[in-house]
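I opened this entry to record what I looked up on strand order and on aromatic contacts. The structure is shown first, and my notes follow.

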Amino acid sequence: MAASSEAFVRGVQLRHLRCLVAVAQERHLARAAERLALSQPAVSKTLAELEGLAGARLVERGSAGRRGIQGFTAAGEHLLAHALRVLEALDASAEAVMPSSGARPQRLRIGALPSVAPSLLPPALAALRERLPTLQVQVQTGANAPLLDALRAGDLDLVAGRMSDPQLMTGLTFELLYTEPLAIVARPGHPLAGGSPSVQDVLRHPLVVYGEGTIPRHHTESFLSGLGLRLPAHVTQTLDLSVARALLVRSDAIWFTPIGAAWDDLASGHLVRLAIDTAGTEEPVGLLLRSDAEPSAARQTLIALLREAGADQSRVARR
């Protein structure tokens with residue numbers, strides 16, 4: 001494909017940019033079409049037009065009927081960042097020239113890892129509500145990679161998560177809040193509670209671990225590998241903390257988890273940490289932001305509150 005900057009500027013339209021952003025947010029052509037109230041062929045055609053104007057492939061299609069999106073190329077990531085700024089500026093312009101339409105409620109969209117959200121978010125969100133009582137707050141939890149995809153696509157304003165592979169960090173910044181180790185957790189009264197069990201003892205019990213591809217799962221496997229051990233195949237994998245807790249309470253299962261995810265239960269005595277040294281499993285937790293996003297008062301207020309909560313969590317993790 002050949003193109004020039006002049007031809008691109010002359011030919012690109014808002015529908016092209018809206019299509020690109022919708023594809024980035026949905027990661028699926030059919031869902032992007034539904035968001036835009038268009039047919040899937042129309043979305044595919046618009047995307048192809050944009051790639052022709054750009055003179056480069058922007059999106060890596062999936063193999064399932066080419067409806068799924070595997071990811072964005074480097075050119076696609078760069079254009080997406082500019083497209084988001086253009087559409088955000090357009091929205092701001094509409095608010096400026098049409099004040100009679102009424103101000104839209106201020107909204108903050110937060111992404112967080114399931115292992116991070118329970119300990120980090122509640123104190124910050126409670127304080128945020130006191131300061132900004134009319135603010136609309138949306139919290140989305142999930143694995144790190146999808147959260148970063150949503151952040152880059154403009155679907156989230158910030159993410160409480162972890163650093164990722166360099167290609168997933170394009171256009172993002174990371175601010176370290178604290179580090180936390182893995183904990184090996186069970187119910188009170190568990191046969192291994194109160195003693196000095198070995199990791200081999202732990203592996204003889206049912207295990208609950210995070211899903212494949214997650215950083216806690218990687219640290220769990222690395223911890224065991226360092227001892228010459230392997231994670232058994234018959235484990236229960238889940239990102240749902242409520243499922244993990246309920247399973248521990250009702251059985252002799254043992255949970256490998258970042259300590260922050262279990263801290264409230266450990267502090268209340270609903271769960272106990274087994275006396276096993278997990279030094280070297282510390283994971284960095286921090287704030288991820290789009291480097292080109294326009295700052296807002298609400299986001300800056302939440303960032304300050306999350307820094308305070310992160311400092312508290314750092315003290316907890318060192319206990």
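In what order do the five strands of the open sheet stand? I worked on a predicted model. I read the order as β4-β3-β5-β12-β6, and I noted that the pairing is mixed. I then looked up the edges: β4 (136–141) and β6 (172–180) each have a single partner strand, so one side of each is left without a neighbour in the sheet.

Next I examined the pairing of β3 (residues 107–112) with β4. The two strands run parallel, and six bridges join them. I noted that A112 is placed opposite T141 of β4.

I then turned to the helix packed on these strands. Helix α6 (residues 117–131) lies across β3, β4, β5 (158–161) and β6. Its direction makes an angle of about 175 degrees with β4.

How many aromatic pairs does the structure hold? I found one.

Y210 is in the loop between β8 (207–209) and α9 (215–226), while W255 belongs to strand β10 (residues 254–258), so the pair ties together parts 45 residues apart in sequence. Are these residues buried or exposed? Y210 has 2% relative accessibility and counts as buried. W255, at 1%, also counts as buried.

Methods. Residues numbered from 1 in each chain as written. Predicted model: local features only at pLDDT ≥ 70, side-chain atom pairs only at ≥ 80, totals over all residues. Heavy atoms only, no water. Pairing = 2+ DSSP bridges. Helix = DSSP H or I, 4+ residues; strand = E, 2+ residues; numbered from the N terminus. Contact = heavy atoms within 4.5 Å. Axes fitted to C-alpha atoms, helices over the stretch in contact; angles between N-to-C directions. Phe/Tyr/Trp six-rings, centres within 6.5 Å; stacked < 30°, edge-to-face > 60°. Buried < 20%, exposed > 50% of the residue type's maximum accessible area, 1.4 Å probe, protein only.
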